[in-house]
Amino acid sequence: MSFLIVQEISKTYKPSASVEVTALAKTDLTFKQGEFAVISGPSGSGKTTLLNMIGGLDAPTTGKVILNDVILTDLKEKELALQRLQHIGFIFQAYNLIPVLTAEENIEYILILQGVNPKERKERVKVIAEKLGIYELLNKRPNEMSGGQQQRVAVARAVVSHPALILADEPTANLDSQSGENLLKLMADLNREQKITIIFSSHDPMVIGKAKRHIVLKDGKIASDKK
């Protein structure tokens, strides 16, 4: 049984009345729970567009996204936001940490939105921070951390809520090779231990090499899909 279904998804933009750009043509994909996959392709191939539509951050022009039998593309914005909050974790290339908050506050923010009580919040932040090796950073703000440290905080924020799906958009792009390798090992461990489905968007050979499934996009279409 499929955990995630992408059904004839397409996305077109009209930058002007006479011009229409197809970012993604009719695309079909299915993912089983616990997959560790990467979507690659040249710049402009539709990687980030596809990831954003899977996560409900962008609406497709046509098609459906179904997560755990819920048709995300049929939901109103409030219902969609609730699905994202409860089931999907995001890791962005630019980290997207809140600059005025400490690492601990950034990590626990989603738990506050979920209504988790303070005692459990503190415990879950402590556990994930220790696992990711950032416990000593919890009182620091983003501008006091290196890029690799900020990305680990972003990973902690994505997984602390125990999502079923994590979407990672070019997570190693701003990291040196050692930090990137460490990040991938951490995510592979999370995938194996917690059965979290993880889908990367990346052209990093290191990410592609670690993934168990490699989907290649070209000109908004699937060029290959290898497991």
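Reader: Is Glu104 buried or exposed?

Author: Glu104 is buried, because its relative accessible area is 18%. A residue is called buried under 20% relative accessible area, exposed over 50% and partly exposed in between, with a 1.4 Å probe and protein chains only. The model is predicted, so local features need pLDDT of at least 70 and side-chain atom pairs pLDDT 80 or more, while totals for chains, interfaces and linings use all residues. Residues are numbered from 1 along each chain as its sequence is written, and side-chain values use heavy atoms, leaving out hydrogens and water.

Reader: With which side chain does Glu104 form a salt bridge?

Author: Side chains of opposite charge can pair when their charged atoms come close. Here the partner of Glu104 is Lys122, at 3.3 Å from N to O; the term requires a side-chain nitrogen of Lys or Arg within 4 Å of a carboxyl oxygen of Asp or Glu. Glu104 lies in helix H3 (residues 103-113) and Lys122 in helix H4 (residues 118-131), so the pair ties together parts 18 residues apart in sequence. Helices (H or I, at least four residues) and strands (E, at least two) are DSSP runs numbered from the N terminus. Lys122 is partly exposed, with a relative accessible area of 43%.

Reader: Which residue meets Arg121 in a salt bridge?

Author: The partner of Arg121 is Glu108, again with 3.3 Å from N to O. This pair links distant parts of the chain, with Arg121 in helix H4 and Glu108 in helix H3, 13 residues apart. Arg121 is buried at 14%, and Glu108 is buried at 7%.

Reader: How far apart in the chain are Glu130 and Lys126?

Author: Glu130 and Lys126 are 4 residues apart, about one turn of helix H4, in which both lie. Their closest N and O atoms are 3.3 Å apart, and they form a salt bridge. Glu130 is partly exposed at 44% relative accessibility, as is Lys126 at 32%.

Reader: How many salt bridges does the structure hold?

Author: The structure holds 12. Salt bridges also link Lys131, Lys185, Asp189, Arg192 and Glu193 in a network.

Reader: How many aromatic pairs are there?

Author: A pair of aromatic rings is described by the distance of the centres and the angle of the planes. Rings of Phe, Tyr and Trp (its six-membered ring) pair if their centres lie within 6.5 Å, with planes under 30 degrees apart counted as stacked, over 60 as edge-to-face and the rest as tilted. The count is 2. Phe36 and Phe200 form an edge-to-face pair, 5.3 Å centre to centre and with 90 degrees between the planes. Phe36 belongs to strand E3 (residues 36-40) and Phe200 to strand E8 (residues 197-201), 164 residues apart, so this pair links distant parts of the chain. Both Phe36 and Phe200 are buried. Phe90 and Phe92 are stacked, at 5.9 Å and 10 degrees. Phe90 is buried at 16%, whereas Phe92 is partly exposed at 23%.

Reader: Which strands pair with E1?

Author: Two strands pair if DSSP finds at least two bridges between them. Strand E2 (residues 19-31) is joined to E1 by 8 bridges and runs antiparallel to it. E1 and E2 form a hairpin with 2 residues between them, and Leu4 stands opposite Phe31 in E2. Strand E4 (residues 62-67) also pairs with E1 in the antiparallel sense, over 5 bridges, and here Gln7 stands opposite Lys64 in E4. Tyr13 is found in strand E1 (residues 4-16) and is partly exposed, with a relative accessible area of 36%.
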